[in-house]
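Welcome to this tour! Open the structure in your viewer, keep the selection tool handy, and follow along stop by stop.

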Amino acid sequence: MSTNIPCVLMRGGTSRGPFFLADWLPRDPEARDRTLIAALGSPHELQIDGLGGGNSLTSKVAIVSRSTQPDCDVDYLFAQVSVQEARVDTRPNCGNMLAGVGPFAIEQGLVPADREGQTTTVRVYNVNTRSRIDVQVCTAGGQVHYDGDVRIDGVQGTAAPVLMNFLDAWGAVTGQIFPTGQRIDTIQGLQVTCIDAAQVMVLVRAADLGLRGDETPAELDANTALLERLEALRLEAGQRMGMGDVTHSVLPKPVIVSPGTSPGSVVSRYFTPHQCHRSHAVTGAIGVAAASVLPGTVATDKRHAPAAGLRRVEVQHPAGRIQVEVELSEVDGQFKLVQAALVRTARKILEGTLFVPESAPAH
C-alpha cells in the first residue's frame with residue numbers, strides 16, 4: 001500500500017525537485033522528513049525509487065504555504081534531501097528552487113495574478129533563513145507564463161524571466177554578515193572569509209590552494225587531498241561561526257574564488273559541500289558577489305574601489321556566468337549591503353499524484 005500526495009515537479013534555475021503545499025505533507029517534522037526521503041528515493045546513489053536524480057541539485061524540495069508574516073505573501077521552506085543518507089537538512093536556503101516558488105504560489109491560488117499588468121510580484125518569506133525576497137513572475141493575461149527568451153547558463157533553451165530581489169538575507173543564519181567578527185580569518189594556515197550573505201560560506205583563494213581557479217568540477221572532485229582540506233576548513237569555520245559541529249550539515253559551503261576575466265567579475269567554484277557544483281547556487285552567487293564588492297575580504301575586487309550605489313557583478317562558474325546586482329550604502333565610511341537582485345527562470349515539468357510507501361506515512 002502507498003499514500004497518495006499531490007505534487008508538482010518543477011525546475012527552478014539550475015535545480016529541480018518536487019514542490020508541495022505544506023497542507024499536503026505531515027505536520028510533524030520527523031514524519032514530513034521521512035516522507036521527503038521516500039519521495040526522493042534516498043538513500044541510494046541513483047535515487048532509483050523516487051523523484052531524485054542522484055545529485056544534490058536534483059534532490060531538493062520546496063514547501064510553500066500562506067505566509068504567517070504580515071508583510072509577505074507566502075512562506076517557503078527549503079529542504080535538501082541527502083542522496084546517500086536518510087537525512088534532510090532545512091538549515092540552508094536555495095535560491096534556484098526559489099525561482100519556482102512565485103509561479104507555484106500563483107498557480108496554487110495562494111497569490112492572485114495581476115490581471116492588469118504583465119508581471120506579478122510575490123513577496124516570499126524564506127523560513128530557513130528568516131529573510132524576505134521579492135519574486136517577480138510573468139503573468140500577462142492573468143496567468144503564469146513559462147515560455148520566454150531568457151537564457152541562463154546551465155539550462156538548455158530559453159524561458160520567461162523570474163526576477164528575484166533579496167531584501168534582508170544578510171546575517172540571516174548566524175546573526176551577522178561576518179560571523180567571526182572579522183573579514184579575513186586564518187584557518188589551518190589559509191586566509192579565508194566566513195560570510196553569511198544569502199548563504200553561509202567559507203571563501204578561500206584558489207591561488208592559496210595551488211589552483212588556477214578555473215578547474216572543472218570533475219577535476220576538483222577527483223582531487224581527494226583538496227576535498228579533505230576543504231572539509232577540514234569547513235568544519236573549523238563552522239565552529240568559529242558559532243554553528244557548532246557541522247559534520248552532518250550542508251552549511252557552511254566551501255567556495256574557491258579567484259579574480260574574474262575583467263573588472264567587476266569573480267571566478268567561483270562552489271561546493272555543495274562535498275562536491276563542486278556543476279554551475280552555481282543563486283544564494284552562493286549573491287554571497288560571492290557581496291564579498292567581491294565589500295572591502296577587506298579574500299574575494300574583494302581590488303580593480304574597483306568600493307562605492308555606495310548599485311554594482312553589477314559577474315560570477316563566473318563552470319557552466320557560464322550569473323549577473324548579480326548588489327546595492328551598497330555608506331555610513332561614516334562603512335559599507336553595508338542593502339539588497340541584491342538577479343534573474344533566473346523556472347518551468348513546471350509535471351503535476352500529479354505522488355505515491356509514497358506506507359513505511360513513510362504522509363499523515
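**Stop 1: a trio of rings**

Select Phe-19, which counts as buried because its relative accessibility is 0%. Keep in mind that you are looking at a predicted model.

Now show the aromatic rings. A search of the whole structure turns up 2 aromatic pairs. One of them joins Phe-19 and Phe-104 in a tilted arrangement, with 5.6 Å centre to centre and 50° between the planes. Colour strand S2 (residues 15–21) and helix H3 (residues 101–107): Phe-19 sits in the strand and Phe-104 in the helix, so this pair ties together parts that are 85 residues apart in sequence.

Stay on Phe-104 for a moment. Is Phe-104 buried or exposed? With a relative accessible area of 1%, Phe-104 is buried.

Trp-24 and Phe-104 make an edge-to-face pair, 6.2 Å centre to centre with 90° between the planes. Where does Trp-24 lie? Look in the loop between S2 and helix H1 (29–40); Phe-104 is in helix H3, so the pair ties together parts that are 80 residues apart in sequence. Trp-24 has a relative accessibility of 16%, and it counts as buried because the cut-off is under 20%.

Select the three residues together before moving on: Phe-19, Trp-24 and Phe-104 form one aromatic cluster.

**Stop 2: the empty spaces**

Time to look for gaps. Rolling a probe the size of a water molecule over the atoms shows where empty space is left. How many cavities of 30 Å³ or more does the structure hold? There are 6.

Go to the largest cavity, which contains about 120 Å³ of space. To find it, select Lys-60, Gln-80, Lys-253, Tyr-270 and Ala-281, the closest to its centre of the 18 residues that line it. Then colour strand S4 (74–81), helix H2 (95–98) and helix H6 (282–293), the elements that each give two or more residues to the lining of this cavity.

**Stop 3**

Definitions and conventions. Residues are numbered from 1 along each chain as its sequence is written. This is a predicted model: local features need pLDDT of at least 70, side-chain atom pairs count only at pLDDT 80 or more; totals for chains, interfaces and linings use all residues. Side-chain values use heavy atoms; hydrogens and water are left out. On a 1 Å grid over the protein atoms alone, a cavity is a set of points where a 1.4 Å probe fits but cannot get out, and a pocket is an open set with protein on both sides within 12 Å along at least five of seven lines; lining residues have an atom within 4 Å of a point. Grid points are joined across faces, edges and corners, and a volume is the space filled by probe spheres set on the points. Helices (H or I, at least four residues) and strands (E, at least two) are DSSP runs, numbered from the N terminus. Rings of Phe, Tyr and Trp (its six-membered ring) pair if their centres lie within 6.5 Å; planes under 30 degrees apart count as stacked, over 60 as edge-to-face and the rest as tilted. Buried means under 20% relative accessible area, exposed over 50%, partly exposed in between (1.4 Å probe, protein chains only).
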